[in-house]
Amino acid sequence: MKPCQTLFLSIAWVASASGASFIPSGSSNSRTSSCSTRSFLYLPDEAAAGKNNVSNGKANDETFLVNNGKMGRVSMVGSGPGDPDLLTIAAAKVIEDPDALIIADRLVSPEIIALCKGEVRTARKLPGCADKAQQEIYDWCREGLMDGKHVVRLKIGDPFVFGRGGEEVLEFRKMGVEPKVIPGVSAAFAAPLLGGIPVTHRGISNQVVMCTGYGRNGTSPDLIQYHKEQTVVFLMAVGRLRELCDNLCNLANYPRDTPVAVVEKAGCPEQRTVVGDLNTIADYCIRYDIKPPSTIVVGEVVDVLLNEGVGSMEERVQGLVDMAVPSSSDVVAASD
Ligand SMILES: C[S@@+](CC[C@H](N)C(=O)[O-])C[C@H]1O[C@@H](n2cnc3c(N)ncnc32)[C@H](O)[C@@H]1O
């Protein structure tokens, strides 16, 4: 038996014995059986505790040593879109730790900040100074760790969805700690839902693409070509909505009348939803002064629940419509 076959068999045995293990795609049968050296086995608890830094079959003892010393620990926590009711129980427990040093993103809602019991510092991440603010976050975290504190990195939505979560894990590893990462409800799915839009719907949409409006250094990411039964959810894109709509039509073959919704501050008391199409939505957002954080949904799914029985646009603007879905949303525009 070749060495790589031995490795694969032993991984398979451990996985079935634990019953709770996770083998990432990097260790799929095809890769391991072709003698790939990228074979990993992570058991979730151990990975989260930084005990399983197995790389190419070798444990990384360095991280162990630091973690077992006096240094503090890090929890990276997703706080969801803003409504405290949408915090996970795990997240709620962590932010209630009175001894924690909580380093929060600027967009974490005031309602969630109010639940934090420890010291809270908020990152001043504004357009144009994001990298400087990110460095400040790392400096605060390092300071807390050196003081032996429980550092809580509180992020909006889910930490690993467009929030530099992976980058931060790598940075924490450089500091010698493996953060425990707690998932959050991502705006990518929660904002459409809270705005009354199912991102998939049988016969209407059978796939969802999640995309950012701003790539690294402000670039516009490449767009996927139009597919009628596809929903595209854009995060961080409301600031370049007109350009995005034009690009979808001119570069990705979207029909100009493709429905679009923008859900602003989903899950917050001020939530509003603006509905239009690729021709009209940019003007509506200017008219209603839509601001970040907002999530944009493009595709036929926008019309599934919002196009019937929700009154005229003016009624919606005035919040006069008693909408069954969603009850808390104020839909401000559909078409005019
Ligand atoms: C830096 S990304 C972080 C995404 C986050 N990690 C998540 O999973 O939701 C920030 C973007 O998320 C979206 N977003 C976050 N919170 C939102 C909310 N309450 N309502 C609407 N969109 C939101 C907006 O598109 C915003 O520009």
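I began with the domains and found that domain 2 (65–184) and domain 3 (188–333) each give at least three residues to the shell around the ligand; the domain bounds come from an automatic or database domain assignment. I note that this is a predicted model, in which local features need pLDDT of at least 70 and side-chain atom pairs count only at pLDDT 80 or more, while totals for chains, interfaces and linings use all residues. Residues are numbered from 1 along each chain as its sequence is written, and side-chain values use heavy atoms, with hydrogens and water left out.

**Ligand**

I looked up the residues around the ligand and found 16, the closest being P81, V161, S186, A187 and S294; a residue qualifies if one of its heavy atoms lies within 4 Å. By class, I recorded 10 nonpolar, four polar and two charged residues in this shell. In this scheme Ala, Val, Leu, Ile, Met, Phe, Trp, Tyr, Cys and Pro are nonpolar, Asp, Glu, Lys and Arg are charged, and the others, Gly among them, are polar.

A polar backbone atom of P81 is 2.8 Å from a nitrogen atom of the ligand. For A266, a backbone N or O atom also lies 2.8 Å from a ligand nitrogen atom. At S294, a polar backbone atom is 2.7 Å from an oxygen atom of the ligand. Of the 570 Å² of accessible area that the ligand has on its own, the protein covers 92% (Shrake-Rupley method, 1.4 Å probe).

**Sheet**

I traced an open sheet of five strands with parallel pairing, in the order β5-β4-β6-β3-β7. Strands are DSSP runs of E with at least two residues, and helices are runs of H or I with at least four; two strands pair if DSSP finds at least two bridges between them. The edge strands, β5 (119–122) and β7 (180–182), each pair on one side only. Within the sheet, I followed β3 (residues 73–78) and β6 (residues 150–155), which pair in the parallel sense over six bridges. V74 stands opposite V151 in β6.

**Backbone details**

I noted a cis peptide bond between P292 and P293, with omega about 0°. P293 sits in the loop between α11 (281–287) and β12 (294–298). R164 is not a glycine, yet has a positive phi of about 60°; R164 lies in the loop between β6 and α8 (165–175).

Terms used: Polar contact = N/O pair within 3.5 Å; in protein donor to acceptor, adjacent residues only side chain to side chain.
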